[in-house]
Amino acid sequence: MCAKGGLMQFQVSDKLGKILEEALMLSAGRGHCYVGVEHLFIAVMDHAEDFPEGFRDQYRDVLMNVARETGRTAWSGHAGDTVHETFHTPRCINVIQQATRLSNRYGSDSADAGHLLCAMLADNRSAPSRILDAMGIDRGACLAQLTAELGTAGLAKRKALDAAGGTRLTKKTGGPAGQE
């Protein structure tokens with residue numbers, strides 16, 4: 001039996017923190033001692049309204065089917081008798097880290113459901129990716145549209161910030177733009 005606690009220590013936004021909490025609660029509700037990508041994916045799908053609009057309109061129903069299948073085919077192994085805390089799987093931790101990198105790359109303030117989904121679908125071995133592939137869905141096209149729309153949204157945010165007189169950090173110096 002595992003403890004119903006043991007949150008992983010991440011520096012994340014409130015938005016991402018809420019999704020991670022929901023994934024933890026899903027895991028605990030199923031009696032699992034780990035938070036895996038399958039839990040994270042289902043929690044992300046509860047925030048599908050945060051996906052870019054065109055992507056959401058085209059892929060939401062397909063991804064909801066993937067979420068149902070993910071819940072049905074979750075790992076049923078045994079983590080061992082020495083587990084006393086709920087832990088995040090290495091794949092789950094990697095997805096969270098990749099989502100944060102993606103949000104930075106696309107100019108977002110923080111990672112959200114779209115960035116998490118993008119990181120999950122980019123991982124060929126994640127449960128949602130395997131299920132999409134097994135369903136015969138073109139994951140490459142799905143991922144391409146998501147990344148394009150995340151990039152467009154990030155570009156729009158950067159332009160709005162620049163127009164409002166905000167500052168962006170440069171890659172070279174870490175100082176305000178223009179001081180390279």
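1. Quick reminder on terms: buried means under 20% relative accessible area, exposed over 50%, and partly exposed in between, with a 1.4 Å probe and protein chains only. At 48% relative accessibility, Gln-58 therefore counts as partly exposed. Gln-58 is found in helix α3, and its C-alpha atom is separated by 9.6 Å from that of Gln-145, 87 residues apart along the chain.

2. Bear in mind that this is a predicted model: local features need pLDDT of at least 70, side-chain atom pairs count only at pLDDT 80 or more, and totals for chains, interfaces and linings use all residues. Residues are numbered from 1 along each chain as its sequence is written, and side-chain values use heavy atoms, leaving out hydrogens and water.

3. Have a look at α2 (residues 37-45): 9 of its 9 residues are buried, so this helix is largely enclosed by the rest of the structure. Among them are Glu-38 and His-39. The cover over the buried residues of α2 includes α1, β1, α3, α4, α5 and α6. Helices here are DSSP runs (H or I, at least four residues), as are strands (E, at least two), numbered from the N terminus.

4. Then there's the α4/α5 pair. Helix α4 (residues 90-105) and helix α5 (residues 113-122) pack at an angle of about 120 degrees, with axes 8 Å apart. Axes are lines fitted to C-alpha atoms, for helices over the stretch in contact, and angles run from 0 to 180 degrees between N-to-C directions.

5. Who touches whom there? Contact (heavy atoms within 4.5 Å) is made by α4 residues including Val-95 and Leu-102, and by α5 residues including Leu-116 and Met-120.
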